[in-house]
Amino acid sequence: MSIRKIASFVAGQWIAPGSGARPIESAITGEVIAEAGGGGVDFAAMLDHARTRGGPSLRAMTFHDRARMLKALAAHLSKHKQVLYDLSFDTGATQRDHLIDVDGGIGTLFVFASKGRRELPDAQVYLDGGVEQLSKSGQFLGQHICTPLQGVAVHINAFNFPVWGMLEKLAPTLLAGVPAIVKPATATCYVTEACVRLMLESDLLPDGALQMVAGGTGDLLDRLGGQDIVSFTGSAATAQMLRATPGILQNAVRFVAEQDSLNASILGPDAEPGTPEFDLFVKEVIREMTAKAGQKCTAIRRILVPEARTDAMISALCDKLGKTTIGDPRLEGTRMGALVSNAQKRDVLEKAATIGLEAERVFGNPADFTVEGADPARGAFLPPMLYHCADPDAATRVHETEAFGPVSTIMGYRDLDHAIAIANRGQGSLVASVITHDPAVARAVALGAGAFHGRLYFNDRASMAEATGHGAPLPHMVHGGPGRAGGGEEMGGIRGVMHYMQRSAVQGSPDMLAAIGETWMPGAAERAAPAHPFTRRFADLQIGETLHTDPRTVTLEDIEHFAEFTGDTFYAHMDEEAAAANPFFPGRVAHGYLLLSFAAGLFVEPTPGPVLANTGLDALRFLKPVSPGDSIRVRLTVKKKTRRTDTYGEVRWDVGLTNQDGEPVAAYELLTMNAY
Ligand code: NAP
């Protein structure tokens, strides 16, 4: 069999492995199938290429341009995913595992693409929060903005998810506008390399936006500076070593770490045998022990059940584990494939032995189990192994030892406080789950354990048909955890993008801030509209373009007519005495909704034109009551424009209503869709 040479992609060129390349074995047969690394990579050239080519090209695009690029990349990968499936079997993964890795990775790209277009502006600057008024008259304001780092993101990934692991970091990085150098774990880098090749062949990425290192990182990390970021996934020991790289410390290089985790799952005190929650718990635990042969950072390592139900749970779990078919992952009937390598298998057995010092093995004998379609003496196969720790308070190793394979330990708890205390002994985890039908249990765990876990997952009979699983990190939600889990945070929707950007506080006059954020704000210059703004096409409208309407007097008849017509006969509009007794009103006042309707009547241009639809109002405030006899007028200003499709875009209008004395009575933002 020929050995695949896994290349690095450096400054636009594929560089074959050097003379000191490391062999990579098949998880199923133990044979060497590929090699990678061994020198020959010019890391200085790589960084220079990313900084001088990739970065500037990405930063010239808007968030929406980059989001569209991600969507196209995801669609391209989706079309070619069979290539990735075919290669992934040799990592020991089953077809079901490929869905997590390959489809999960592509799905993550799609979610970031869609969130990028919905939640980020079609611009190069992200406004973080609102405007802060820093002076009396409003001529000196503050705002926080985020702009892309001007360096490189170095992504160092673990072996277990060669596709998802790369894409979950790449999506927010590219969306932010930062080029990436991806360094997959050597054991499975042949799958990542194939995925990188697909992305590069698509021609969707600017030159220098994506490079890849197969094998070691040489002096790459020593060369990083303050505009660069390292995002690491792997073991705590490696993270600790890499964090201490002198260049990283000296230059305060951002270092995000996702490391190992002793995740716990708690069976709620309410979940008796025979309840849907009891069965659901069994299902979740079995899935977490066997998916990816337990090589998931989020897998359930500690199973916490009420003491009185420990035996019933052990028996239910053993029953199900006994039905797990282990074998060649290419076989359709295989439920659990192999670990990634024989080295990983040895490591898991060593860690399992450590756990065995404090817990008794109640299922799975690594010296005696059946493997379908493969030779257990050559491939990296293990059975699922369940341990029972009878005294979790006295034990230490079961709370500290991560056997990164199909190994979990069950332990009994006395009451919910005890369960929370045990869960927190993992000293910081990626996820803790609770299977309970009792909302009070959920609240107690959220308060008692929230600070120790990056994600809390609650499931019960109401959510079980749709819940995504204890172990599934989602692009919308934060992935990471405190303490032992690395203290990092990834994804979490747009939060994940911000890790690759610098937040700056900007201070200045409204005109300065409006220009920086391409967003008009009160106090900034208004532009006289050359024609009614509703007659102007999206592309022609300018930020700051303003219409001032004529005034309209609000009469008592108007108020009564509106009250009868709509049915809103609230006393503040209809009963002088009762209204006057209310601390907010001088007497009868106009309905807020009447003012909005009159405002629309004052500013609309009725004939068909570029305004296609009113899609909503934001930030509506009624600031001062309007009494019968008062008059109102409206200011309508183009605040922000966001392209939505090739034929129309969203216009956000800043609307201000004032009374006859020029006092603000209402303010809001109006959204319309306008034709190009
Ligand atoms: P690992 O041995 O720590 O390796 C992680 C990455 O670091 C690999 O790409 C590895 O490359 C690289 N690396 C190791 N030494 C390096 C060095 N001196 N300089 C630069 N890079 C270096 O972890 P693993 O065995 O791949 O993964 C298993 C661990 O990852 C488990 O502990 C698991 O809990 C954790 N994990 C955490 C998450 C999470 O999201 N929190 C997800 C998955 C896995 P080589 O392969 O070339 O050595």
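Trainee: In β17, which residue is the bridge partner of Cys-389?

Mentor: Met-411 is the bridge partner of Cys-389. The model is predicted, so local features need pLDDT of at least 70 and side-chain atom pairs 80 or more, while totals for chains, interfaces and linings use all residues. Residues are numbered from 1 along each chain as its sequence is written, and side-chain values use heavy atoms, without hydrogens and water.

Trainee: In which sense do β16 and β17 pair?

Mentor: Strands of a sheet pair through backbone hydrogen bonds, either parallel or antiparallel. Here β16 (residues 385-389) and β17 (residues 407-413) are parallel, over five bridges; pairing requires at least two bridges found by DSSP. Strands (E, at least two residues) and helices (H or I, at least four) are DSSP runs, numbered from the N terminus.

Trainee: What is the strand order of the open sheet?

Mentor: The seven strands run β15-β16-β17-β14-β13-β18-β19, with mixed pairing. β15 (360-363) and β19 (453-459) are the edges; each has a single partner strand, so one side of each lacks a neighbour in the sheet. Neighbouring strands are turned by 25° against each other on average, direction ignored.

Trainee: Which helix lies across β18 and β19 at about 175° to β19?

Mentor: That is α13 (residues 439-449). Angles run from 0 to 180 degrees between N-to-C directions of axes fitted to C-alpha atoms, for helices over the stretch in contact.

Trainee: Is Glu-284 buried or exposed?

Mentor: Glu-284, in α9, is buried, with a relative accessible area of 3% (buried is under 20%, exposed over 50%, partly exposed in between; 1.4 Å probe, protein chains only). Beyond its neighbours within four places in sequence, Glu-284 is in contact with Ile-300, Ile-435, Tyr-457, Asn-459, Gly-469 and His-470 (heavy atoms within 4.5 Å).
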